[in-house]
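Please view the sequence and the model before reading the points below.

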Amino acid sequence: MPVVPGDVVAASGRLADEVLFPAALATDRSRAVPAAHLDALAGTGLYGLQGPPSHGGLGLAGPEARAVVEALAGGCLATTFVWVQHHRLVRALAGADAPAALRDEWLAPLCRGERRAGVALAGLLPGGALRASPAGAGWVLDGESPWVTGWGLVDVLLVAARLEGGDVAWFLVDAAEGPGVSAERQHLVAVDASATVRLSFDGLAVPAGRLVRVDPGAAADTAFAEGLGTNGSLALGVTGRCLRLLGPSPLDAELNAARARLAGAGRDALPAARAAASELALRAAAALVVHAGSRSVGLDSHPQRLAREALFLLVFGSRPPIKAALLELLQAIPST
């Protein structure tokens with residue numbers, strides 16, 4: 001049953017420990033995250049984590065929301081990776097500038113998890129890999145978005161596309177192949193069950209009523225930065241699971257410090273804090289592999305899965321400042 005806001009972090013931890021983690025190895029080998037996992041998230045109200053209470057959401061943000069992401073990622077990163085991308089559309093429709101018709105039709109079902117969303121963010125990248133042009137009473141999309149997660153598991157996408165003048169238009173697009181859109185499966189070293197695809201758009205017609213908003217082109221970096229804290233919490237979740245399997249170690253204090261750093265980072269400090277979280281996940285996974293010994297390399301072991309997930313999180317959602325900070329950490333010469 002849905003949880004009340006005060007119980008949501010504890011409920012997320014129970015769901016991670018009792019449902020997601022016991023099945024994580026099987027999910028890792030699956031073509032797609034089990035629908036039952038996503039249904040369990042919906043059943044506890046977690047699809048409405050950041051949605052407004054007026055539309056059935058839990059209305060959580062900040063430390064509580066990040067703690068939920070961390071807990072779930074420690075249960076099953078693939079499941080959490082699909083689920084976490086849903087919330088960008090929820091936040092967009094809850095915004096004051098969202099069209100009332102779209103909000104009224106979509107926001108409550110999205111908060112209940114009856115409709116599920118993903119994102120296609122290529123339009124935020126410099127150079128406009130995905131473009132939108134006016135066409136009659138609506139729009140057409142051309143180009144591609146190489147990393148779209150949850151294909152076959154989500155109903156709609158929040159799509160960012162560049163306009164001719166450089167501004168970014170956001171659209172609500174059905175997550176289905178058809179005239180003007182095709183999908184090619186991406187095969188990933190970890191979270192492959194997230195069903196991530198490369199989407200190609202060739203004159204996809206989008207009705208005018210599916211335009212969510214238009215942002216100035218200069219706001220693209222802000223839109224990217226919106227997910228940095230959440231993405232860092234994914235890394236903290238992997239770290240936390242590694243440390244629970246490893247047992248008490250000095251890395252426990254590092255996890256607490258990384259969590260506090262991520263929570264307290266302003267926009268300019270977020271890339272470095274996110275990089276530190278990802279680097280810590282890599283070290284925690286490596287420590288777990290060594291601790292568990294040769295059985296770690298078997299495909300039926302959690303250490304190898306967590307190590308691959310830590311590797312994935314080094315590059316997922318990365319931008320130049322994160323990459324630079326990570327390379328500095330990874331290439332640092334230890335003091336003697």
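Contact here means heavy atoms within 4.5 Å. This is a predicted model, in which local features need pLDDT of at least 70 and side-chain atom pairs count only at pLDDT 80 or more, while totals for chains, interfaces and linings use all residues. Residues are numbered from 1 along each chain as its sequence is written, and side-chain values use heavy atoms, with hydrogens and water left out. Helices (H or I, at least four residues) and strands (E, at least two) are DSSP runs, numbered from the N terminus. Buried stands for under 20% relative accessible area, exposed for over 50%, and partly exposed for values in between (1.4 Å probe, protein chains only).

**Nonpolar cores**

- A nonpolar core is a set of buried Ala, Val, Leu, Ile, Met, Phe, Trp, Tyr and Cys residues joined through side-chain atoms within 4.5 Å.
- The largest nonpolar core has 62 residues, and Leu46, Leu49 and Trp83 touch the most other members.
- Helix α11 (residues 270–292) gives this core its largest share, nine residues.
- Outside four places in sequence, the contacts of Trp83 are Leu41, Leu46, Tyr47, Leu49, Val68, Val69 and Leu72.
- A second, separate core holds 24 residues, among them Ala120, Ala132, Val148 and Leu157.

**Asn231**

- Asn231 is part of helix α9 (residues 228–246).
- With a relative accessible area of 13%, Asn231 is buried.
- Residues up to four places away in sequence aside, Asn231 touches Arg274 and Phe316.

- Two strands pair if DSSP finds at least two bridges between them.
- Strand β2 (residues 130–135) pairs with strand β3 (residues 138–148) in the antiparallel sense, over six bridges.
- These two strands, β2 and β3, form a hairpin with two residues between them, and Gly136 in the turn has a positive phi of about 60°.
- Ala135 is opposite Gly138 in β3.
- Ala205 sits in strand β7 (residues 197–206) and counts as exposed, at 60% relative accessibility.
- Ala205 touches Trp139 and Val140, with residues up to four places away in sequence not counted.
- The C-alpha atoms of Ala205 and Pro134 are 9.7 Å apart in space, for residues 71 apart in sequence.

- Most residues other than glycine have a negative phi.
- Val191 has a positive phi, near 50°, and is not a glycine.
- Val191 lies in the loop between β6 (181–185) and β7, and counts as buried at 2% relative accessibility.
- Ala195, also not a glycine, has a positive phi of about 50°.
- The loop between β6 and β7 holds Ala195, which is buried with a relative accessible area of 2%.

**Largest pocket**

- A pocket is, on a 1 Å grid over the protein atoms alone, an open set of points where a 1.4 Å probe fits, with protein on both sides within 12 Å along at least five of seven lines; lining residues have an atom within 4 Å of a point.
- The largest pocket has about 820 Å³ of space, where grid points are joined across faces, edges and corners and the volume is the space filled by probe spheres set on the points.
- Its lining has 32 residues, of which Gln85, Leu121, Trp147, Phe316 and Gly317 lie nearest the centre of the pocket.
- At least two lining residues come from each of α4 (62–75), α5 (77–84), α6 (86–94), β3, α9 and α12 (302–315).
- The lining of the largest pocket divides into 17 nonpolar, 11 polar and four charged residues, with Ala, Val, Leu, Ile, Met, Phe, Trp, Tyr, Cys and Pro as nonpolar, Asp, Glu, Lys and Arg as charged, and the others, Gly among them, as polar.
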